[in-house]
Structures are given as C-alpha cells and as structure tokens.
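Visitor: I would like to go through this structure term by term. Please give the rule behind each word before you use it.

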Amino acid sequence: QPLLKTAKIGQVMEYIDSCPSTQILAHKFAQEGAPDGTVVLTETQTAGRGRLARKWDSAPQKGIWMSVILRPDVVPQKAPQFTLVAAVAVVRAIEEVTGLKPEIKWPNDILLNGRKCTGILTELQSDADGIQALIIGIGMNANQELEDFSPEVRDIATSLKMMDGKTVDRQELVRSLLFYLEQYTNLYIEQGFKMLKIMWESYSSTIGRPVRARMAKETLEGIAEGITDEGVLQLRTNDGKLHGIYSADIEMKN
Ligand code: BTN
C-alpha cells in the first residue's frame with residue numbers, strides 16, 4: 001500500500017475478495033491480537049449487517065466495505081463517540097474526493113440529498129480492564145446504480161455516483177477515509193471531543209431541527225438541540241423538558 005497517507009491505520013490491511021461481513025472478521029482478528037489500526041476490506045459481503053441487526057446491502061465492487069480495529073486507551077463508555085468521530089472523517093473524505101456535501105444524521109448515517117450513502121457501526125470488545133478493541137465498520141455506497149440496491153431500500157439509499165453521475169475511484173476514497181480517520185481519532189484521543197463536536201455539529205442535518213426519535217419503548221418529538229461531549233443527543237420536547245437520547249432512529253419533521 002505505497003499510497004497510504006497514514007502512519008497507523010491501514011498499515012496492516014486484510015484484503016478479502018468476498019466474506020460474510022468484515023465486521024465478523026475484524027472481531028475474529030482482534031481476538032487473535034491484530035494490532036491497533038488493522039483494516040479489513042472486502043469487495044462484497046454476503047451478510048453485511050447494520051445497526052439494530054439490520055441487513056446491509058454490499059454490492060460487489062461498488063462500494064467500500066470495511067472494518068477498522070482500534071485499540072484506544074479509553075473507557076468503554078466512550079465507544080459511541082468513535083461513531084461520531086468516524087462520521088466526520090467520512091464527510092471530509094467524500095468532500096475531498098467528490099466535492100459533494102454530505103450531512104450527518106445522528107448517530108451514524110451520512111446523507112446526500114436526504115438519502116443514506118454511508119452507515120457506520122461501532123462495536124466493542126471489552127473486559128474488566130476496559131476496551132480490548134473497537135471495531136468501526138464503515139459501509140460507503142460509491143458506484144451503485146439504483147438497481148444495485150435491494151427494493152426495500154431504494155427509497156432511502158443513494159450512492160456517490162447517483163449524485164453526480166461520476167464513477168468514484170474507490171482506492172482514492174479509501175486512502176482519504178483512512179487519512180481522516182487517523183487524523184480525527186488522534187485528535188479525539190489527544191484533545192477530547194471538543195473540536196470534533198464543533199465539526200460534527202456543523203455537518204449535522206439533525207441539530208436545530210424538529211425531529212421524531214423512535215426508541216425501543218417510546219417515541220419523542222421535539223427539537224434536537226445538540227449533542228453532549230459524550231455524544232448523547234439532546235432533545236427538547238414541547239413541554240420544555242430536555243431528554244438525553246442514547247439510541248434511536250431519527251426522522252426529520254418539517
Ligand atoms: C448502519 O447504518 O446501520 C451501519 C452499516 C454498517 C455497514 C458496514 S459495511 C462494513 C462493515 N461490515 C458489516 O457487516 N457492516 C459494516
């Protein structure tokens with residue numbers, strides 16, 4: 001990988017032609033002791049998975065399907081923040097390579113024109129000593145056409161190519177993505193979430209807007225006021241109460 005612009009992330013790269021899910025492989029490699037920054041990259045997944053056990057479409061040769069193993073020295077409670085850090089890296093990479101202007105929908109969706117082009121799934125291996133490994137899965141729709149998506153997601157998904165008709169160089173995208181991932185995870189580890197929170201909020205389509213948050217047990221409507229330093233979404237309902245949302249599906253209301 002002579003063209004990598006990183007010192008750590010991607011220095012060990014496991015490239016697999018086809019696999020059920022890079023996420024599953026990365027868990028296995030992490031357990032076997034894969035070093036900090038190991039990247040698992042594939043051309044297609046037969047059982048790609050998303051948040052909340054949803055399935056993730058991974059058309060052959062059309063996207064970037066990868067999982068990054070990190071071994072940061074932070075408490076497990078901080079794992080969700082890595083999703084937000086990765087989201088900023090994804091936005092910067094897409095901007096740099098394509099000139100498109102993506103938005104982030106809390107917590108882990110990257111949108112173009114209101115449709116999802118990238119999803120992020122952060123998973124944790126931890127024990128009494130703390131985080132053993134963080135597995136950050138990133139699925140980026142790069143060169144799909146509408147027919148490459150399964151019918152259920154055709155109304156909500158998009159790809160970079162569907163935005164401007166241009167085929168994206170996936171290698172360039174990976175290179176840029178790994179570069180920003182390294183920059184921003186380092187920034188986060190050295191300086192905390194402050195700076196990244198400002199960047200995250202500037203790219204967010206959620207903050208300042210009326211939203212509906214669907215959670216396992218209830219649905220709340222209100223204004224998304226911001227995120228905390230822990231990455232918790234702050235939702236103000238009509239009765240004036242501020243709710244901290246840890247996990248939900250967000251819908252924009254107009
Ligand atoms: C989501 O939006 O729900 C998260 C989607 C994450 C998809 C990526 S693709 C690479 C990695 N392997 C998987 O099985 N999932 C993640």
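Guide: Domain bounds come from an automatic or database domain assignment. For this chain the assignment gives domain 1 (13-203) and domain 2 (210-252), and their C-alpha centres lie 23 Å apart. The contact between them takes 9 residues from domain 1 and 7 residues from domain 2, where two residues are in contact if their C-beta atoms, placed from the backbone, lie within 7 Å. This is a predicted model, in which local features need pLDDT of at least 70 and side-chain atom pairs count only at pLDDT 80 or more, while totals for chains, interfaces and linings use all residues. Residues are numbered from 1 along each chain as its sequence is written.

Visitor: Which elements give two or more residues to the side of domain 1 that touches domain 2?

Guide: They are α2 and α5 (194-203). Helices are DSSP runs of H or I with at least four residues, strands are runs of E with at least two, and both are numbered from the N terminus. That side of domain 1 divides into 5 nonpolar, 1 polar and 3 charged residues. Here Ala, Val, Leu, Ile, Met, Phe, Trp, Tyr, Cys and Pro count as nonpolar, Asp, Glu, Lys and Arg as charged, and the others, Gly among them, as polar.

Visitor: Why does I94 count as buried?

Guide: A residue is buried if 20 or more other C-beta atoms, placed from the backbone, lie within 10 Å of its own, exposed if 12 or fewer, and partly exposed in between. I94 has 26 C-beta neighbours inside 10 Å, so I94 counts as buried. I94 lies in helix α2 and touches L100, P102 and L160, not counting residues up to four places away in sequence.

Visitor: What makes a set of residues a nonpolar core?

Guide: Its members are buried Ala, Val, Leu, Ile, Met, Phe, Trp, Tyr and Cys residues joined through C-beta atoms within 7 Å. The largest one here has 58 residues, and A86, A87, A89 and V90 have the most contacts inside it. Helix α2 (residues 79-98) gives the most to this core, with 12 residues.

Visitor: Why is this core said to lie between domain 1 and domain 2?

Guide: Both domains give residues to this core, so it lies between them.
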